[in-house]
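Welcome! Here is a short briefing to read alongside the sequence and the 3D view.

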Amino acid sequence: GRKWPMLAELGVALTYALISAGHRVSAAIFAERIIRWYPLGRGRRAFVTISHQLLGHKPAAYGGASLPGLCAAHAPRSGNLVLLSDFLRADAMADDLRLLRASAATTSAIQVIGERDAILNVRGPSVLFDIESGAEERRDVDARSSAAASDALQAHQRRLRDLCGSLGIPFTPCREDASWEQVLLTHLQRRA
């Protein structure tokens, strides 16, 4: 869907804002491993490098895990870390968030949810496929199943918001079709 483009646009916008304010910026693209790491840099060259890589990255169609804790070793202790993710692991990335929170001066999180994350637009006997883990589950899907999926996503978002709150991590949820400008402004206001 539009989830990765939204994450990339937010990453580029944050990079631009921070570099324009004179900060050094680094970035990581991760899954079950760090796919790309860009060391601390400043100025036009750092912005161009990071933005081209974020906007040009094509995530795998499926498979892989989401392990942001891998980035903790690269986070400068005095730095500010912003985690952009869908956070759709069953544990809401709790251990990773704790590790990242401890590895940087400040940590914040932006969750991008896709239109299809909780919509089951099929009915009857179906095979549900988890695009990240590859797990399959056979279910008889009906209107109650769709409502349960939506309720489960909302409960997951509440757990994530509460977890972030307990760790002192400013948290901003958004949909993939939102305006990245509005999401960024909302997030920066929460950090203030």
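Helices (H or I, at least four residues) and strands (E, at least two) are DSSP runs, numbered from the N terminus. By that rule, Leu14 sits in helix H1, which covers residues 3-20. This is a predicted model, in which local features need pLDDT of at least 70, side-chain atom pairs count only at pLDDT 80 or more, and totals for chains, interfaces and linings use all residues. Residues are numbered from 1 along each chain as its sequence is written, and side-chain values use heavy atoms, with hydrogens and water left out.

**Overall build**

- The protein chain contains five helices and seven strands, and their order from the N terminus is α-β-β-α-β-α-β-β-β-α-β-α.
- The C-alpha trace of the protein chain spans about 55 × 35 × 30 Å along its principal axes.
- The radius of gyration, taken over C-alpha atoms, can be set against a globule rule of 2.2 Å times the number of residues to the power 0.38. For 192 residues a compact globule would come out near 16 Å, so the 17 Å of the protein chain agrees.
- Contact means heavy atoms within 4.5 Å. Among contacts in the protein chain with a separation of 6 or more, 68% join residues 24 or more positions apart.

**Surface and charge**

- Accessible areas come from the Shrake-Rupley method with a 1.4 Å probe, and for residues only the protein chains shown count as cover. The protein chain exposes about 11000 Å², with carbon and sulfur atoms supplying 54% of it.
- A residue is buried under 20% relative accessible area, exposed over 50%, and partly exposed in between (1.4 Å probe, protein chains only). Of the 192 residues in the protein chain, 37% count as buried.
- Lys and Arg count as positive and Asp and Glu as negative, while His and the chain ends are not counted. Each charge is placed at NZ of Lys, CZ of Arg, CG of Asp or CD of Glu. The protein chain has 24 positive and 19 negative side chains, and the centres of the two sets are 9 Å apart.

**Nonpolar cores**

- A nonpolar core is a set of buried Ala, Val, Leu, Ile, Met, Phe, Trp, Tyr and Cys residues joined through side-chain atoms within 4.5 Å.
- The largest core has 19 residues, and Leu83, Phe87, Leu97, Leu160 and Cys164 have the most contacts inside it. Strand E3 (80-85), helix H3 (94-103) and helix H4 (143-167) each give this core at least two residues.
- A second, separate core has 11 residues, including Met6, Leu84, Val112 and Leu184.
- Leaving aside residues up to four places away in sequence, Leu160 touches Phe87, Ala92, Leu97, Gln111 and Phe171.

**Residues to look for**

- Leu14 is buried, with a relative accessible area of 11%. Not counting residues up to four places away in sequence, Leu14 touches Val82, Leu84 and Leu184.
- Leu14 and Pro125 are 111 residues apart in sequence and 44 Å apart in space, C-alpha to C-alpha.
- Asp96 lies in helix H3 and is buried at 11% relative accessible area. Beyond residues up to four places away in sequence, Asp96 touches Leu67, Pro68, Gly69 and Arg89.
- Most residues other than glycine have a negative phi. Phe87, in the loop between E3 and H3, has a positive phi near 55° and counts as buried at 0% relative accessibility.
- Ala92 is found in the loop between E3 and H3. Ala92 has a positive phi of about 55° and is buried, with a relative accessible area of 4%.
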